[in-house]
Amino acid sequence: MIVWSVLIAVAGAFCLALGSALQERDAVRAPGRSVAPMGFLVHLARRPRWLAGTVGAGAGVVLHLVALSGAPLTIIQPIGVSGLVFAIMLSAFFNRRRVRPNQIVAGAAVMVGLTGLLLLFPHTAQTPQMSVGTALTLTGAVAALGGAAYAAAHWV
């Protein structure tokens, strides 16, 4: 079960990286100089690549959650960091560039750090429990922070 969860987590990291790489292309090429106006978001929402990136990122989140149902957080969560390595490769591919040496070094550092974390953390088979109230509070806090970040970006 843990092996499948790890493979699912890697697939989730890839999907998140793919979604981010697709969205990056449209966000960088979008008209305007600020990111917070509604017109910017409406423009992005009309772009098929942006929408495909959103679907990819959503699939990555779902796969990550599925992976968490079969393996401990201390195994699955660090695997999400491998998405950075995927993002380096996908960004280079989409922009028709070679991966630069400093990006290779950074990707290697991520993988070394990931391996270290996986070896360092204790892994238990206990299934974590979260109450509905805690889940709703966490969801509300994330939504509020996202809204605050959006408002701050608008004013900065």
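This is a predicted model: local features need pLDDT of at least 70, side-chain atom pairs count only at pLDDT 80 or more; totals for chains, interfaces and linings use all residues.
Local features are taken at pLDDT of at least 70 and side-chain atom pairs at pLDDT 80 or more, while totals for chains, interfaces and linings use all residues. Residues are numbered from 1 along each chain as its sequence is written, and side-chain values use heavy atoms, with hydrogens and water left out.

Let's start inside. The largest nonpolar core has 7 residues: Ala13, Ala17, Ala21, Leu22, Phe86, Leu90 and Phe94. Such a core is a set of buried Ala, Val, Leu, Ile, Met, Phe, Trp, Tyr and Cys residues joined through side-chain atoms within 4.5 Å; buried means under 20% relative accessible area, exposed over 50%, and partly exposed in between (1.4 Å probe, protein chains only). Helices α1 (2-29) and α5 (83-94) each supply at least two residues of this core, and α1 gives the most, with 4 residues. Helices here are DSSP runs of H or I, at least four residues, numbered from the N terminus. In soluble globular proteins, nonpolar side chains tend to be buried together.

Beyond its neighbours within four places in sequence, alanine 13 is in contact (heavy atoms within 4.5 Å) with Ile79, Gly80, Ser82, Gly83 and Phe86. There is also a second, separate core of 6 residues, among them Ala9, Ala67, Ile75 and Ile79.

Stay with α1 and you come to glutamine 23. Where does the side chain of glutamine 23 make a polar contact? The partner is the side chain of threonine 54, at 2.7 Å; a polar contact is a pair of N or O atoms within 3.5 Å, and within protein one must be able to donate a hydrogen and the other to accept it, with residues adjacent in sequence counting only if both atoms are side-chain atoms. Glutamine 23 is buried, at 16% relative accessible area. Leaving aside neighbours within four places in sequence, glutamine 23 touches Trp50, Gly53 and Thr54 by the contact criterion.

Another glutamine to visit is glutamine 103, in helix α6 (residues 101-120). Glutamine 103 is buried, with a relative accessible area of 18%. Its contacts, apart from neighbours within four places in sequence, are Ile88 and Arg98.

Finally, turn to helix α2 (residues 38-45). Valine 42 lies in this helix and is partly exposed, with a relative accessible area of 37%.
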